[in-house]
Amino acid sequence: MVQWLYENVAGLRPGDAGYRTFTVRPDGRTGVDWARTSVRTVRGRAAAAWSVVDGTTRLSVGVPVGATAEVHVPAADRSAVASPADAKWLRSEPGFVVYAVPHGSWEFVARA
């Protein structure tokens, strides 16, 4: 049950051993309007937090040194997402716009 909360509701999913890579893909279909979690890795703290207020999704991601995250921002298309300039757009998927980010703190905003 706890793993489901980390990986599905909060959206923090390991990519490989030690979180050298990981994915953030929150699932807002669970009936909650926010979630926050973090995990201590051998590289440092990996974190994900999101909230939905008035249809706007705010997604925060913390990536430890030496790691990379693939961030799936819940949005209809890329034009609905305000992303940091250094975030690399990878692709759009049904319901998500996907970015890659290196270590640091990252904030994404998706307008309804």
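Colleague: How far apart are the closest N and O atoms in the salt bridge that Arg-91 forms with Glu-93?

Modeller: A salt bridge here is a side-chain nitrogen of Lys or Arg within 4 Å of a carboxyl oxygen of Asp or Glu. Arg-91 and Glu-93 form one, and their closest N and O atoms are separated by 2.8 Å.

Colleague: Before we go on, what should I know about the model itself?

Modeller: Happy to say: this is a predicted model, where local features need pLDDT of at least 70, side-chain atom pairs count only at pLDDT 80 or more, and totals for chains, interfaces and linings use all residues. Residues are numbered from 1 along each chain as its sequence is written, and side-chain values use heavy atoms, with hydrogens and water left out.

Colleague: Which residues are linked in a network of salt bridges?

Modeller: Let's build it up from the pairs. Glu-70 and Arg-91 meet through their side chains at 3.0 Å, N to O. Glu-93 also meets Arg-25, at 2.9 Å, N to O. With the Arg-91 and Glu-93 bridge, the network is made of Arg-25, Glu-70, Arg-91 and Glu-93.

Colleague: How many residues apart are Glu-93 and Arg-25?

Modeller: Strands are DSSP runs (E, at least two residues), as are helices (H or I, at least four), numbered from the N terminus. Glu-93 sits in strand β8, residues 88-93, and Arg-25 in the loop between β2 (21-24) and β3 (34-41). This pair links distant parts of the chain, and the separation is 68 residues.

Colleague: Why does the pair of Glu-70 and Arg-91 tie together separate parts of the sequence?

Modeller: Glu-70 belongs to strand β6 (residues 68-74), whereas Arg-91 belongs to strand β8, so their pairing ties together parts whose separation in sequence is 21 residues. As for accessibility, buried means under 20% relative accessible area, exposed over 50%, and partly exposed in between (1.4 Å probe, protein chains only). Glu-70 is partly exposed at 24%, and Arg-91 is partly exposed at 30%.

Colleague: Is Tyr-19 buried or exposed?

Modeller: Tyr-19 lies in the loop between β1 (12-14) and β2, and has a positive phi of about 55° although it is not a glycine. Its relative accessible area is 15%, so Tyr-19 is buried.

Colleague: And Asp-54, buried or exposed?

Modeller: Asp-54 is in the loop between β4 (44-53) and β5 (56-63). Its phi is positive, near 50°, in a residue other than glycine. With a relative accessible area of 77%, Asp-54 is exposed.
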